Amino acid sequence: MNATAPAPATRARHTLVAFTLALVAVAYLDRVCISTAAPAIKTELGLRDWQMGLVFSAFTLSYALFEISSGWFADRFGARLTLTRIVLWWSAMTAATGLVGGFGSLVAVRLLFGAGEAGTFPATARAYARWLPERERGRAFGLAIMMGALGGALTQPLVVFLLGSMSWRYAFAIFGSVGVVWAAAWWRWFRDDPAEHPAVNAEELREIIAGGGERRAREQVPWLDLARNPSLLALCGMYMGAIYGWYFYLTWLPTYLLRARGFDLQHMGMLAALPLLGVAAGVSLGGWLSDRLTERWGQRSGRRAPGLFGFPLAALAISTAVTTANPLASALLLTAAAGLAALGIAPAWVVATEMGGVHAGVVSGAMNMFGNLGGALSPVVVGICLERWDSWQAPLFSVAAFYLLAAFCWLLVDPAQRIAIVETPG
């Protein structure tokens, strides 16, 4: 008598990935809408360039400073509670942006917005570490960040359309409502341990565990080892260089296209979306390439190759974009630079997850903290350069320099330098 064949593996983890794709799209919808609305906000509130630079940076600074603590929270209490809290908070702060009365209240709301949204990607990394085999993580991170860029790209023309029929204040209220729906669905569906999810059968659970899915989550964090790990420090430096450039596209790009390149509002909305589409293509390709190249060349070379190729070419593209006299060529070169730099983004998240293991939230939070400190610096540099010298060239050349820094740091990253596990007493 033949034994009953085991049931084929379910694919509940694909639903998890779909949830995170929607999560990141909504995050960037709410995050990017202020950059497109910036000219209208600046005019109504009477803000100067340096003040607008601080408004952009307020979110990013508080987001960066709370990344490690939010990553620790995700490691300790799980992605289910962490992401539900995060999304409800940022939705409230998005709506509250439409209620501000001046510079001070706008900065305060943006600071609270960033503090609440911190931990989005570390909590996602925590979920991926528990639910996904290692061979699937590069593609998953690539798709997730791609959806963020697509969400940001779609936001640009959408905000332009809404501003044609309503105040920017009402537009923020509309955007703030979207995340509430996601949070309710996430809380209902997700479980931190895939073994506890009714949609995960024994065969899928076996695939997750055999593929390197983490099964433990509450060991002590070896803080000193984190601070002394040279690969983690290099990874943090690399991500700072990458996100410094990313935040130019998220904040000042629409204003650059209007003021420096002479496009009207309608064309600006479309052209400002192009670099984010370039990012979407770059992160997706970079994540896929890192998985494939890791299978062929091993972890150290495979994870580093996309960034080592992309960042130097991105520096060249953005330098050319600054110096060309053709406005359309400049916009297209900025798109190419964004896409090339994005090749190194998804592999960085995979390396942080693999190095961190059960501490994936903390390690990815540290990387993202330094990245967003670079992101906080970027719009301030632009604002100061405009205020003092009326110059767009200096801040854009600084983006190229940070891309070269990112490439150099990738050379120093060794994904095999994993963080030690310290058992919890008792």
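So, how do the residues lining the largest cavity divide into nonpolar, polar and charged? Hold that thought for a moment.

Quick housekeeping: this is a predicted model, where local features need pLDDT of at least 70 and side-chain atom pairs count only at pLDDT 80 or more, while totals for chains, interfaces and linings use all residues. Residues are numbered from 1 along each chain as its sequence is written, and side-chain values use heavy atoms, with hydrogens and water left out.

By cavity I mean a set of points, on a 1 Å grid over the protein atoms alone, where a 1.4 Å probe fits but cannot get out; lining residues have an atom within 4 Å of a point. Points are joined across faces, edges and corners, and volume is the space filled by probe spheres set on them.

We get four cavities of 30 Å³ or more. The largest is about 100 Å³. Its lining has 13 residues, with Tyr 28, Phe 121, Tyr 239, Ile 243 and Asn 368 nearest the centre. Helices H1 (12-45), H11 (230-251), H16 (345-356) and H17 (360-389) each give two or more; helices here are DSSP runs of H or I, at least four residues, numbered from the N terminus. H11 gives the largest share, four residues.

Back to my question: 10 nonpolar, two polar and one charged. Ala, Val, Leu, Ile, Met, Phe, Trp, Tyr, Cys and Pro count as nonpolar, Asp, Glu, Lys and Arg as charged, and the others, Gly among them, as polar.

The second largest cavity is about 70 Å³. Its lining includes Arg 31, Phe 56, Arg 110 and Tyr 247, and H1, H2 (49-65) and H11 each give two or more residues. By class, that's six nonpolar, two polar and two charged.

Notes: On a 1 Å grid over the protein atoms alone, a cavity is a set of points where a 1.4 Å probe fits but cannot get out, and a pocket is an open set with protein on both sides within 12 Å along at least five of seven lines; lining residues have an atom within 4 Å of a point.
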